[in-house]
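Work through the exercises below with the sequence and the 3D structure in view. Each task is followed by a solution in steps.

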Amino acid sequence: MITREKKQSIVENLVEKLQSAKGIYFVDFTKITVEEINKIRREFKSKNSTFKVAKNTLILRALAQVGGYELPERRLFGQTAMILAYDDAVAPAKIIKDFYEKEQKLELKAAFIEGQYFDGKDLKVIASLPSRADLVAGILGSLNSPISGIIGSINAVMRDVASLIEEVAKKQNAA
């Protein structure tokens, strides 16, 4: 039995982690072996994410203290692990999806990405979302496209002027 002080310490730790998380995933890890958990923890860690296991009541208490997360209690049942993403909010979804497709384990119960709630059925949708880095690259590429188009047009005009001058010079030399 966990003491009240220990529970309070766990909740405080969870609150601290939740406050800095950009993505929060709740998964059922019932069917996973310890070896698989260790492997998946390393994968999450490589994406700057944390795999935390806690009692459902303590998770709900921590979410209530942080505020802004309306998670239906029915979503938290059985054994629950939380994956907290700190850099790329979508990266854990891709890991969960890949692991689920290979092993039929680690089932998504619910998720919050940048404050937006997703049900467990939305795993494929979440995993298909572009990462923050992909979005930034796309925006920068879009901004860069008009500039490179203008530069290409200027270069084409310069090339045309240069060839026109070259043709005039050839005609003057021939005459």
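**Exercise 1.** In which sense do strand β4 and β5 pair, and over how many bridges?

*Solution.* This is a predicted model, in which local features need pLDDT of at least 70, side-chain atom pairs count only at pLDDT 80 or more, and totals for chains, interfaces and linings use all residues. Residues are numbered from 1 along each chain as its sequence is written, and side-chain values use heavy atoms, without hydrogens and water.

Step 1: find the strands (DSSP runs of E, at least two residues, numbered from the N terminus; helices are runs of H or I, at least four). Strand β4 covers residues 107–113.
Step 2: apply the pairing rule, at least two DSSP bridges between two strands. β4 and β5 pair in the antiparallel sense over 4 bridges.
Step 3: locate one position. A111 stands opposite F118 in β5.

**Exercise 2.** Give the order of the strands in the open sheet and explain its edges.

*Solution.* Step 1: the order is β2-β3-β1-β4-β5, with antiparallel pairing.
Step 2: β2 (49–53) and β5 (116–119) each have a single partner strand, so one side of each lacks a neighbour in the sheet.

**Exercise 3.** Which residues line the largest pocket, and which element gives the largest share?

*Solution.* Step 1: a pocket is an open set of points on a 1 Å grid over the protein atoms alone, where a 1.4 Å probe fits, with protein on both sides within 12 Å along at least five of seven lines; lining residues have an atom within 4 Å of a point.
Step 2: the lining consists of K97, Y100, E101, E107, L108, G120, K121, L123 and K124.
Step 3: α4 gives the largest share, 3 residues.
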